[in-house]
Amino acid sequence: MTTPLVLGVLAGAVLSGTSLLYATLGETIVERSGIVNLGLEGLLLIGASVGFSVTAATGNAWLGLAAAALAGGLANALFGWLVVTRMANQLASGLAMMFFGFGVSALVGAPYIGSVIVGLPKWRPAWLASLPWVESTTLFNYDLLTWVAIPAATFVWWALFRTRWGLGVRAVGESPAAAFAAGRNPAALQYQALCSGGVLAGVAGAHLSLSLTLTWAEYMTAGRGFIAIALVIFSKWHPLRAIVGALLFGGTEALQLQLQARGSEISPFLLEMAPYLLTLVVLLAWGGSRRLAAPASLGRTFYGSD
Amino acid sequence: MKKKLGFIIGFCALALGLAVQPAFAQSPHLTIGAVYVGSANDYGYNRSFHDALAQVARDLPGVKVIEAENVPESADVERVMEGMIQQGAKLIFPTSFGYKDFARKVAKRHRDVAFEFAGDGDTEKNFGVFFGSTQVAWYAMGVGAGKMTKSGKLGFVLGMPIGYALGNVNAFQMGAKSVNAKVRTVVVVTGGWSDKAREAGAANALLDQGCDVVGMHVDSPATIIQTVEARGAMSIGFQSIEARALAPKGWITGLGFTWAPFFMDVAKSVMAGKFRGEAVYQGLGGMVAIAPFGSAVPPDIQKLVNETATKIKKGFTPFIGPLMDNAGNMALPPGASIGNDQMGNLNWYVEGVIGKVR
């Protein structure tokens, strides 16, 4: 039985969009505090590798997930030490962190390549399974991370825009000097943003290895970290718009695979480029917009306010 | 201070040299170096070499194997091979296609070291080439898949549409069609040999479109086989026959490389000082083997696949004209045929395959 195209695309969009969403949320928090982390790709790899390794070693995917979250948080804390405490250049440090992530993930994952794991458990409520078409697809057959993805985005929105902590983070991202003058501690807030963002990036990586692929292979993220950085711009640094962005990009990827599976007449090479073409289009369309809404001090190092 | 440091380093080097000396005295008769582009335990291509060399080391006394994993297809591989030669390697297996030019350079510098390159190209006195010809063997996989499918739609996940891979797909479809006139093979290209998330997406897309058997040609079949297994469909494995462990329910069968007999011969000839570089291509029964069948495969289908395999071992090939491509053109005129050595030039899908090459 063939599934209608739109359902197939939707199913695929949710599966590959989940990790994109967590990664985008993580980077959004970090960038809201005024820090660009180009090392997101490396963070995803660390999450995927640590999550898989710990799961393979202990047989418990939840432990793997927790370890991946912790590793992501720690890696970003290290990045924070570089760019906040040592005031190193953010772009260069971010790229260095990316290559650091390549190396660390390869090292951690190497002994566990080829291990067979039981991934995160999936549930599909019976009343959803009885809907037409759903039975034969992956729709609504999700692990916990996918089920709570939208609530997680809402939570990040609430934390950033409805709490005193979020106000502080955003203030630091706009003007660390002003936040400092108002009695907030920019460095502490940036560390907090980095650690929570790192945790989310670790979770994003773990979703790839513990739910979607059930394997670990070097560089298996294949550029998804960079797509997530573009998604932050696409969503204009807003956690709720990130949901749309992640679904759209996941959907583009799913669409090209579904089109191939339906025997489309479009060249597979052209179809493969679709997600990256969309990235370019978004950056083009958003570029130069005055209402870009980027945090005013994004990428700038705060040297203190003497 | 500097002098003192130099002295310490010199002393350590000396001590190390002394410690290593006796090891050399009773060193094995042959040290084999193997270079892999991926990880040796990937349930796929690289593991097939690792397993074969482990068997050689077990069965041939005096053989020691040194392996280097995850070596990129760049000048790095030259340094890795030079290092192996310094460690005493007299036989080297550069196992990835992209190592070709680098391996040749190193072979020119070390005429006393034998090289066996997994790929194609010219041979030299100390440089042999070899590969397993999988294309015709996929015909037998097609027979199994064509018999097992209920929907009549087979899926195939392809890393990149290179000639050898297209040959696998074409033989798969022709084999399936020989037992099931209505069968179709749907191809999804991921664009890389190891993009795991996309492989999962590709397998899901094929299953969404009603395919119930999925084959693949990617580096490691692990993600695809597990994705297919989780959705209750069937799979045909490739690269390493050990991949069956990943699909206790849906495994039909698969093709794997069995290099050990050939490696054993090469190792023996190097030890005897009689190595000569040759081009060795073997199909089913030589470097390619059929994996054990899954529990879901009834005995009569197993028998049919085995009979097909026997036929192939005796020289049968489906690559004989007339063959139409999937756009309705005559791809291979009557009487013409494609040999194993010409598969790399294939650039069309046979009739019945749903997909585009470019």
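This is a predicted model: local features need pLDDT of at least 70, side-chain atom pairs count only at pLDDT 80 or more; totals for chains, interfaces and linings use all residues.
**Strand β6 of chain B**

- Strand β6 (residues 153-158) of chain B is largely enclosed by the rest of the structure, because six of its six residues are buried.
- In a regular strand the side chains alternate between the two faces of the sheet.
- On β6(B), Lys153(B), Gly155(B) and Val157(B) point one way while Leu154(B), Phe156(B) and Leu158(B) point the other way, and all of these residues are buried.
- β6(B) runs parallel to β7(B), to which six bridges join it, and within this pairing Leu154(B) stands opposite Thr185(B).
- Together with helix α6 (residues 163-179) of chain B, the strands β6(B) and β7(B) make a right-handed β-α-β unit.
- β6(B) also pairs in the parallel sense with strand β8 (residues 213-217) of chain B, over five bridges, and there the bridge partner of Leu158(B) is His217(B).

**The two domains of chain B**

- Chain B is divided into domain 1 (24-133 + 259-282) and domain 2 (137-256 + 290-354), and the centres of these domains, taken over C-alpha atoms, are separated by 29 Å.
- Where the domains meet, 10 residues of domain 1 of chain B are in contact with 13 residues of domain 2 of chain B.
- On the side of domain 1 of chain B that touches domain 2 of chain B, the largest share, three residues, comes from helix α2 (residues 45-59) of chain B.
- By class, that side of domain 1 of chain B has three nonpolar, four polar and three charged residues.

**Contact between the chains**

- Between the chains, 34 residues of chain B are in contact with 37 residues of chain A.
- On the side of chain B that touches chain A, at least two residues are supplied by each of β7 (184-189), α7 (196-208) and α8 (222-230) of chain B, and α7(B) gives the most, with nine residues.
- The residues on that side of chain B divide into 13 nonpolar, 14 polar and seven charged.

**Backbone details**

- Most residues other than glycine have a negative phi, and most peptide bonds are trans.
- Phe140(A), although not a glycine, has a positive phi of about 65 degrees, and its place is in the loop between α5 (126-129) and β2 (142-143) of chain A.
- Phe140(A) has 19 other C-beta atoms within 10 Å and is therefore partly exposed.
- Tyr219(A), also a residue other than glycine, has a positive phi near 55 degrees and is placed in the loop between α10 (186-212) and α11 (224-234) of chain A.
- Tyr219(A) counts as partly exposed because it has 16 C-beta neighbours inside 10 Å.
- In chain B, the peptide bond from Gly321(B) to Pro322(B) is cis, with omega near 5 degrees, and Pro322(B) lies in the loop between α10 (299-313) and β13 (323-324) of chain B.

Note on methods
Residues are numbered from 1 along each chain as its sequence is written. Chains are lettered from A and ligands numbered from 1 in the order in which they are written. Helices (H or I, at least four residues) and strands (E, at least two) are DSSP runs, numbered from the N terminus. A residue is buried if 20 or more other C-beta atoms lie within 10 Å of its own, exposed if 12 or fewer, and partly exposed in between; C-beta atoms are placed from the backbone. Two residues are in contact if their C-beta atoms, placed from the backbone, lie within 7 Å. Ala, Val, Leu, Ile, Met, Phe, Trp, Tyr, Cys and Pro count as nonpolar, Asp, Glu, Lys and Arg as charged, and the others, Gly among them, as polar. Domain bounds come from an automatic or database domain assignment. Two strands pair if DSSP finds at least two bridges between them. A crossover is right-handed if, with the strands pointing away from the viewer, the path from the first strand over the helix to the second runs clockwise.
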